Amino acid sequence: MILGFIGTGKISSSIIYGIFKSNLKVKKIYISSRNTNIAKKLAKKFRSIIVLKDNQKIIDKSSAIFLGITPSVGSKILPKLKFSKNKKIISLISTLNLEKLKKFTKVKNIVRATPLPPVEIKRGPIIICPPNKFAKTIFKHLGKVLEIRNEKLSYKFWSTASLMATYYEILNTSSKWLIKKGINKKIADTYIAELFLALSQDALNKSSQGYKKLVTDSQTPKGLNMQVLNELKKGKFFTKFTKALENVNKRVSK
Ligand SMILES: NC(=O)c1ccc[n+]([C@@H]2O[C@H](COP(=O)([O-])OP(=O)(O)OC[C@H]3O[C@@H](n4cnc5c(N)ncnc54)[C@H](OP(=O)(O)O)[C@@H]3O)[C@@H](O)[C@H]2O)c1
């Protein structure tokens, strides 16, 4: 398998790190020289990575191409590039739909995928739309693949995936609070990461029973968890939270 990456930014590099930690047999990976620092670092670390300046050369030399560029860059450069009909294309671009991607590349075998940075540690959900055998063959090594046929429905996951920074901010705020109260930083950071890791693992194990039950089960009547939840509800925390999801949804559904 020879892979090519147009755009060597955060998500492309996360996929590449994940690939080298996995059992996937990849002969070569051609990556673009942008971003220069990330490309240099990857080429230094992995011998089978070759950095090329010319996007067209990356396409010509690879059997499957990942598009790891922003929507504006994609709209600008894709129509000028030539993809032979047999190329496999996996687009990671957030807001370019399949219709536009097919128009720009003139390739029918194109699929959209939404991996997240934890693919670097071979974890996390990966949405593939439409279902695609080749994309699944790769991504099943990097996390939990979920295939969605309906493109409009697949956009919904962009909203929930946009909770990443907020999630980390919850960790950051909690840890900072502990530190301010006199806890050693290393202990505070470890405690918070372990707490949320345990809660997430437990939620995953029990997901079939529904999250509402977990919310109930984690509160003692008049207890501390109930106090925090009620205070946040009173402050309309979850109303604002849902509104933010709706607003991202409006943006990505355009
Ligand atoms: N980050 C995520 O969690 C995530 C997850 C799923 C999907 N996505 C999507 O994946 C795409 C990339 O996101 P990202 O977070 O990886 O962004 P990023 O870190 O900014 O990466 C974009 C890359 O494109 C490069 N680039 C710009 N112009 C180029 C050109 N003409 N030819 C080749 N490369 C060029 C940039 O290089 P320079 O730095 O030199 O400009 C940069 O390395 C976006 O559409 C995003 O919505 C991101």
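Q: The expected span of a helix is 1.5 Å times one less than its number of residues. How far does helix 9 reach from its first C-alpha to its last?
A: The model is predicted, and in it helix 9 runs over residues 164-180, which gives it 17 residues. At 1.5 Å a residue, the span expected for helix 9 is 24 Å. The reach of helix 9 in the model is close to that expectation, with a value of 24 Å.

Q: Which residue takes a positive phi just after helix 9?
A: Most residues other than glycine have a negative phi. The residue in question is a glycine that follows just after helix 9, and its phi is about 105°. That residue is G182.

Q: How far apart do the C-alpha centres of domain 1 and domain 2 lie?
A: The domain assignment of the chain places domain 1 at 2-161 and domain 2 at 164-252. Nine residues of domain 1 are in contact with five residues of domain 2, and the side of domain 1 that touches domain 2 is made of four nonpolar residues, four polar ones and one charged one. Between the C-alpha centres of the two domains, the distance is 31 Å.

Q: Which residues come nearest to the ligand?
A: By class, the shell around the ligand is made up of eleven nonpolar, eleven polar and two charged residues. From the 24 residues around the ligand, those that come nearest are G7, G9, R34, N35 and S94.

Q: What kind of peptide bond joins R34 and N35?
A: Most peptide bonds are trans. N35 lies in the loop that runs between strand 2 (28-32) and helix 2 (36-45). With an omega of about 5°, the bond that joins R34 and N35 is cis.

Q: Does P130 count as buried, exposed or partly exposed?
A: P130 sits in the loop between strand 7 (125-129) and helix 6 (133-139), and a cis peptide bond with an omega of about -10° joins C129 to P130. Leaving aside neighbours within four places in sequence, P130 is in contact with V111 and R149. A residue is buried at 20 or more neighbouring C-beta atoms within 10 Å and exposed at 12 or fewer. Because P130 has 15 C-beta neighbours inside 10 Å, P130 counts as partly exposed.

Q: What is the phi of K106, which is not a glycine?
A: K106 lies in the loop between helix 5 (98-105) and strand 6 (110-114). It has 14 C-beta neighbours inside 10 Å, and therefore K106 counts as partly exposed. The phi of K106 is positive, at about 60°.

Q: Where is K122 found?
A: K122 is a residue other than glycine with a positive phi, near 60°. With 15 other C-beta atoms within 10 Å, K122 is partly exposed. K122 is found in the loop between strand 6 and strand 7.

Q: How many residues has the largest nonpolar core?
A: Buried residues make up 25% of the 254 residues in the chain. The residues with the most contacts inside the largest nonpolar core are F66, L67, A113, I126, I128 and F139. One of these, A113, touches I90, L92, I126, I127, I128, A135 and F139, not counting residues up to four places away in sequence. The number of residues in the largest nonpolar core is 38.

Note on methods
Residues are numbered from 1 along each chain as its sequence is written. This is a predicted model: local features need pLDDT of at least 70, side-chain atom pairs count only at pLDDT 80 or more; totals for chains, interfaces and linings use all residues. A residue is near a molecule or strand if its C-beta atom, placed from the backbone, lies within 6 Å of it. Ala, Val, Leu, Ile, Met, Phe, Trp, Tyr, Cys and Pro count as nonpolar, Asp, Glu, Lys and Arg as charged, and the others, Gly among them, as polar. Domain bounds come from an automatic or database domain assignment. Two residues are in contact if their C-beta atoms, placed from the backbone, lie within 7 Å. Helices (H or I, at least four residues) and strands (E, at least two) are DSSP runs, numbered from the N terminus. A nonpolar core is a set of buried Ala, Val, Leu, Ile, Met, Phe, Trp, Tyr and Cys residues joined through C-beta atoms within 7 Å.
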